[in-house]
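Open the model in your viewer and keep the selection tool at hand.

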Amino acid sequence: MGWFLRRVAQSLVMLWVVISLVFLSIHFVPGDPAELLLSQDGGSPDPLMVEMLREQLGLNRPLFEQYRHNMAGMLRGDLGVSMVDGSSVGKEVMRRLPRTLELIAAAGILSLLIGIPAGVLSALRPKSQFSRIASMAAGTAQSVPVFVLGTLVVVVFAQILGWLPAGGFAPISRDPGKHLLLLILPAATIAIGLSAIVFRITRASMLDVLPLDFIRTARAKGVPARRVVIRHALRNALMPVITVFALQLGGLLAGTVLVETVFNWPGLSGMLVAGVNARDYPVVTGVIVVVSAFYIGLNLLVDVIYGITDPRVRK
């Protein structure tokens with residue numbers, strides 16, 4: 001319990017450091033939000049109007065006072081309001097977050113269904129033709145940028161073959177069938193690179209486990225080969241896969257911006273980009289806080305699972 005509480009305390013400190021760094025960083029980015037808001041029509045804003053808007057938005061207050069006000073709101077669960085349209089940042093984040101999580105979950109499930117079986121088969125026959133082809137395909141999938149891959153997927157499956165729509169979004173409550181069709185291409189684009197990582201980690205971990213004594217003992221006792229692989233080898237080889245997979249999912253929460261842009265998927269990353277372009281401090285801070293909390297929470301969960309399964313971690 002003491003170990004667990006220390007890890008929770010470290011995670012909270014890490015989140016506070018992230019919030020502080022984001023707050024300071026965005027305030028040092030060139031550009032005045034008040035000027036940007038008043039110059040949206042292309043003209044030069046009146047200095048008096050700029051000063052009045054800065055006063056209204058609280059930008060004239062000392063930086064430490066703005067930081068204290070921001071942290072007090074965070075502790076109450078209030079992410080503030082957008083400087084652009086006055087909407088609640090928390091409500092908009094909660095509206096967009098399920099869309100990004102759905103995209104990541106679909107890509108994660110697809111990558112596990114592809115990466116783990118392929119990694120196991122490749123480890124069982126490391127010198128086979130399948131293993132060489134799968135390793136080459138995984139290296140290629142990891143080296144291609146996601147925006148290039150997304151564009152190729154759209155060209156092939158949407159424009160040339162016409163099997164799936166090129167992009168967009170439809171609420172699942174209104175049209176479930178169309179929603180699932182629009183989800184396939186962006187999820188597959190993310191899953192291609194993620195499944196390559198899962199494949200390589202699974203293959204390497206299985207190659208480490210298969211020569212161990214307890215595997216040879218199980219085979220010598222006459223345990224069926226499938227049971228040896230699935231129940232004994234794979235179960236012991238999955239821990240590194242779980243670790244890497246969880247951290248990859250955390251990174252995807254804010255790393256889907258290119259995929260969401262290519263496929264016009266209205267998720268959290270698009271909100272972050274719009275906030276940065278408009279110098280909308282509450283939006284940028286709110287999105288990054290949610291993403292960081294999710295990522296740090298995944299780290300903590302992986303550490304707890306490690307600590308439960310392996311007593312050496314707790315020591």
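Is the crossing of α7 and α8 right-handed or left-handed? It is right-handed, a term for the near helix being turned clockwise from the far one by less than a right angle, with anticlockwise counting as left-handed.

Before you select anything, note that this is a predicted model, where local features need pLDDT of at least 70, side-chain atom pairs count only at pLDDT 80 or more, and totals for chains, interfaces and linings use all residues. Residues are numbered from 1 along each chain as its sequence is written, and side-chain values use heavy atoms, without hydrogens or water.

**Stop one: two helices**

Select α7 (146–160) and α8 (176–209). Helices here are DSSP runs of H or I with at least four residues, numbered from the N terminus. The axes of α7 and α8 come within 10 Å and cross at roughly 135 degrees. That makes α7 oblique to α8. Axes are lines fitted to C-alpha atoms over the stretch in contact, and angles run from 0 to 180 degrees between N-to-C directions.

**Stop two: the contact**

Now show side chains. Val146, Leu149, Gly150, Val153 and Phe157 of α7 meet Leu185, Thr189 and Ile192 of α8. Contact means heavy atoms within 4.5 Å. By class, this contact has six nonpolar, two polar and no charged residues. Nonpolar means Ala, Val, Leu, Ile, Met, Phe, Trp, Tyr, Cys and Pro; charged means Asp, Glu, Lys and Arg; the others, Gly among them, are polar.

How values were computed:
Angles under 35 degrees count as roughly parallel, over 145 as roughly antiparallel, 65 to 115 as roughly perpendicular and the rest as oblique.
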